[in-house]
Amino acid sequence: MMRKLLLLIPALLATVLVGVVQIGLAQNTDITSWISGQGGKPALAVTEFRGSGTQPFMGAFNSTLFSDLQSSSVFEMKSRSLFPLANPQRPEDLRQEDNKQGYALQDWSGAPVGASHVVFGYSAAVNGVLVLYGYVYDARQTDIQAAQLLYGRYTGTLDDAGAIKTAHEFANDIIQKFGGTGSLLGSRIYFVSNRSGNQEIWTMDWDGNNQKQLTNLKSISITPGISPDGSRLAFTTYARVSPRIMVLNTETGRPQPFYNQEASLNTTPNFSPDGKLLYYASTASGSSQIVVAGADGQGFRRVSHRNAVEVEPKVNPKNPGILLFVSGPGAQQIYRMNSDGAAVERVTNGEGEASNPAWHPDGQHIAFSWTRGYAAGDWNVFVMDVGTKQYVQLTHSEGKNENPTWAPDGRHLVFASNRSGRTQLYTMLADGTQVKQLTQQGTNKYPVWGSK
Amino acid sequence: MTTKVSSNASSPVRSTRSATSKWVGISLTMLLLVAASGCKKKVPVPPPPPPVAPAAVVTPPAPARANVAEFVAEPATIERGQSANLRWAVTGSNDVVIDNGIGTVPANGSRTVRPAESTTYTLTANGLGGTVTKTARIVVTAPPPPPPPPAPAVDRRGTVESRIQSDLKDTLYDYDSNNIRDDARAALTANADALKRIFADFPSATIAVEGHCDERGSAEYNLGLGDRRSNSARDFLIQLGIPAEKLKPISYGKERPQCTEASEGCYQSNRRAHFASGQ
């Protein structure tokens, strides 16, 4: 009897271990599939649009439309080399059957194109204005009338800029139609650059265009945080010697009133989802701790009472009662707590050093920087499901990779990396692909992605 | 000095004598002029010392003969606007006169004078045996130029800064720590003494206690860690008697490294509390 039991124990252990491994794999697959989002992507065939009196601008239009749709990562983009020789430009061009000329929907859904949807249209000069007619049809439908998914009419100036504008707007509508959580159109990245000689706050379009300086404080300005509506930017500045928080109107660049609690350090500001509160780290009570105040700095109160360095409060966008922050004791890790300071719990597993938590718009996942598996200071970007604690590594030791933050679409990340020498800003998709460098001049750090 | 003067003076003379041709003569004359003018510039020849008055010779043989035992100016050199004292002692005369507006004076006496320029006073004593004169010279010098204006405030601050830089040593820390190590304890104790001297010399000075970190921890966390370093060094100095209000804590995290290499030597030099002028 005893012997039998002894024999059973390893067998039981083995079963339990296999179970654990399987659960681990299953969960790993979950986070992996979440970030890649490959399953069930609409397959788009985007045809070349032509113009009547606007043809010189259609090159800019076609490349912008394609690139917006591709970089949204909402779609699988079908290769143009497999397209039929002709394509519809207006709904009335569509036929039930056309011997694979390109005017029938099944010419696009069948082999070799294999698209689920076809995007077509054209532009014309009307009274000195560029008018763009854009259509999306479900290529798998047999009934042409029922196949129309989207029709839009867009206007712009009679030049490349006007054509690009209509392409952005049309792409935005397509992305939203397919359930994209939001478009990058109009979103802006705010960051810190030293290219003018001092660390100032700068801003640029989400694709790196239109880089311009917002502050001229001639000091050190760092750790920006953007309000959810993109109208205000809070950051730390040494402009008045001691590190203090300043809040700017992002449109005018003008400072807004903010009362700084008396302290040797007020830093790492973060707006609440409704934009009415500002969480930050302050040494008002001694060591750096998480505090909260109104967006004007009034109504200051302490949130946590722990005796460890605490910085980077990050309010959950879906549940403002939950905060993440970065703290010790020991090596810095990411922690969570309730917004009243209760229920403090470590989120990262204690390996290496962890920092820069950034909530995904879904309030469930975070991007963050971690040195797990590397020497201290060798930061890489990771994504984690805060509920299951499963994580995926997105960068792999190409220099230091820090401060990842999500785009409003929840599919793109911007981060800072010194992979090419000096620290520059890069965007990538949530699965780590399509890495694109946005900045070149000086050193550029601390990016945040605003909805405008 | 004497030898130098005599050689300078005598050698050109010999050269002139040995000259035969006109050209040589002219050139040597010029040389003489150059040498002479050079000599004038270099060392003014001092007047010969006055002969020492034989002290004992004065007495019996001709009792009626006037004798100036003493005529001195004290001090012999004054600045313009100051006064000097003339003192004299004359025997064998009832008619003693000092020039320069002093006039007839008693045989023994003194007078305060305030000459505007260097003046030689001549005392004339008329006695039965004849007239004796003696001079006393008061040299008047120009007053010294006004003192330079006090150094502007910036220079004075520069001095505070140079004192801070030379007298106050960085306090070094372990990675991710604000504990005061033994070497830091010694450095801070020496800094406390230096600070007391600096505040004695510059009572209005304040000191920024800067907390710095190496580049490895995240920038945000290092702001908090740097603040702890700044405050641990500051608290230690306060315990050693430095007034708290003189020491301003400020954390720079890893925003202002003094060294940017990826090596432990560089990391260690950046993990520090650093002292700078608080203004």
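**Close-up 1. A:Pro329 sits in the loop between β19 (322–327) and β20 (333–338) of chain A.** Like the other views here, this one comes from a predicted model. Look at the peptide bond that leads from A:Gly328 into A:Pro329: it is cis, with omega near 5 degrees. As background, most peptide bonds are trans.

**Close-up 2. A cis peptide bond joins A:Ala111 to A:Pro112.** Here omega is near 0 degrees. To find A:Pro112, follow chain A to the loop between α3 (106–109) and β4 (117–126).

**Close-up 3. A:Val241 has a positive phi, near 65 degrees, and is not a glycine.** A:Val241 belongs to the loop that runs between β11 (232–237) and β12 (244–249) in chain A. Is A:Val241 buried or exposed? There are 12 C-beta neighbours inside 10 Å of A:Val241, so this residue counts as exposed; the cut-off for exposed is 12 or fewer.

**Close-up 4. A:Tyr446 is part of strand β30 (residues 444–450) in chain A.** What is the phi of A:Tyr446? It is positive, about 50 degrees, although A:Tyr446 is not a glycine.

How values were computed
Residues are numbered from 1 along each chain as its sequence is written. Chains are lettered from A and ligands numbered from 1 in the order in which they are written. This is a predicted model: local features need pLDDT of at least 70, side-chain atom pairs count only at pLDDT 80 or more; totals for chains, interfaces and linings use all residues. Helices (H or I, at least four residues) and strands (E, at least two) are DSSP runs, numbered from the N terminus. A residue is buried if 20 or more other C-beta atoms lie within 10 Å of its own, exposed if 12 or fewer, and partly exposed in between; C-beta atoms are placed from the backbone.
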